[in-house]
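Trainee: Could we go through this model together? I'd like to learn what stands behind the terms used for it.

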Amino acid sequence: MIVTSALFRAWGDLLRPRILSLVLMGIGLTILLFVILQAGAFWLIRAFTPGSFSLPWIGAIDLGNTLSWSSLALFPLMGIFLMAPVAAGFCGIFAERVSEAVEQIHYPSAEGQPVDLLDGLLESLALVAAVIGVAVLSLVLTPFLGPFAPVLFYGANGWLLGREFFQMAARRHLRGPQATALRKQNNGKITIAGVMIAILLTVPVVNIVGPLLAAAAFTHLFHLIRGRTGRSSPVPRG
């Protein structure tokens, strides 16, 4: 199956020196972002939770201090629900460089043209908003959907992530409408790949390299799809 083939090739690419440097940079930025988020939650809880209460044999307990330290327990949960938006955000920053490296290594005769940075960032911001909306909706509907809540979470995030990462890989070779048409023709494969990425983004430690893995995997997926359709050579976008 070309989806699993693309993912396995992407895993191997993460250890290549040119891409490994981007992986290390992505890991550093991801950790920094979540530390900032956790520190912000810690400070807000302490600042806006006044008062204290007493317990027998223990004495007075500062409520704000207790809750702020307790918020550290939310760090893993924060990673699960916010890693997809983080991946979407990193898409515009790293996807282009990863795609370029993957194509130079594996597809030198079909190397694409860079996507305009502003267009990529605008698309990523729109995707971030959509993914955050899915996360919030999943949380709100969890009591009503019960065991089906993960289906909504992974399904919607898989479609969104697949759409964005494949579109960015395809636009290195195709004009916007052509890239969209190719994506729609292969929507099933792309969504399955997106769901696999979404699942990996909720696995601790593995999720740190998720954005770069996705960029590499969808670059491979684009070329595998193009090869199967007999159109492996690039199509000018200009």
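Mentor: Let's begin with the largest cavity, which is lined by Ala 95, Ser 99, Phe 165, Met 168, Ala 169, Ala 215 and Thr 219. This is a predicted model, where local features need pLDDT of at least 70, side-chain atom pairs count only at pLDDT 80 or more, and totals for chains, interfaces and linings use all residues. Residues are numbered from 1 along each chain as its sequence is written, and side-chain values use heavy atoms, with hydrogens and water left out.

Trainee: What makes a space a cavity, and what makes a residue part of the lining?

Mentor: On a 1 Å grid over the protein atoms alone, a cavity is a set of points where a 1.4 Å probe fits but cannot get out, and lining residues have an atom within 4 Å of a point. The count comes to 1 cavity of 30 Å³ or more, and the largest holds about 30 Å³ of space.

Trainee: Which elements give two or more residues to the lining of the largest cavity?

Mentor: They are α4 (75-106), α6 (149-170) and α9 (210-228). Helices here are DSSP runs (H or I, at least four residues), numbered from the N terminus. The largest share, 3 residues, comes from α6.

Trainee: Why are α6 and α8 called roughly perpendicular?

Mentor: Their axes, lines fitted to C-alpha atoms over the stretch in contact, come within 7 Å and cross at roughly 115 degrees. Angles of 65 to 115 degrees count as roughly perpendicular, so α6 and α8 get that name.

Trainee: Which residues of α6 and α8 meet there?

Mentor: Among them are Tyr 154, Trp 159 and Phe 166 in α6, and Ile 190, Val 195 and Ile 199 in α8. Contact means heavy atoms within 4.5 Å.

Trainee: And why are α1 and α8 called oblique?

Mentor: Helix α1 (residues 2-13) and helix α8 (residues 187-200) pack at about 45 degrees, with axes 9 Å apart. Oblique is what remains after under 35 (roughly parallel), over 145 (roughly antiparallel) and the roughly perpendicular range, so α1 and α8 are oblique to each other. The α1 side of the contact is Ile 2, Val 3, Thr 4, Leu 7 and Trp 11.

Trainee: How do the residues of the contact of α1 with α8 divide?

Mentor: Into 9 nonpolar, 1 polar and 1 charged. Nonpolar means Ala, Val, Leu, Ile, Met, Phe, Trp, Tyr, Cys and Pro, charged means Asp, Glu, Lys and Arg, and the others, Gly among them, are polar.

Definitions and conventions:
Axes fitted to C-alpha atoms, helices over the stretch in contact; angles between N-to-C directions. 1 Å grid on protein atoms, 1.4 Å probe; cavity = no way out; pocket = protein on both sides within 12 Å on 5 of 7 lines; lining within 4 Å. Points joined across faces, edges and corners; volume = space filled by probe spheres on them.
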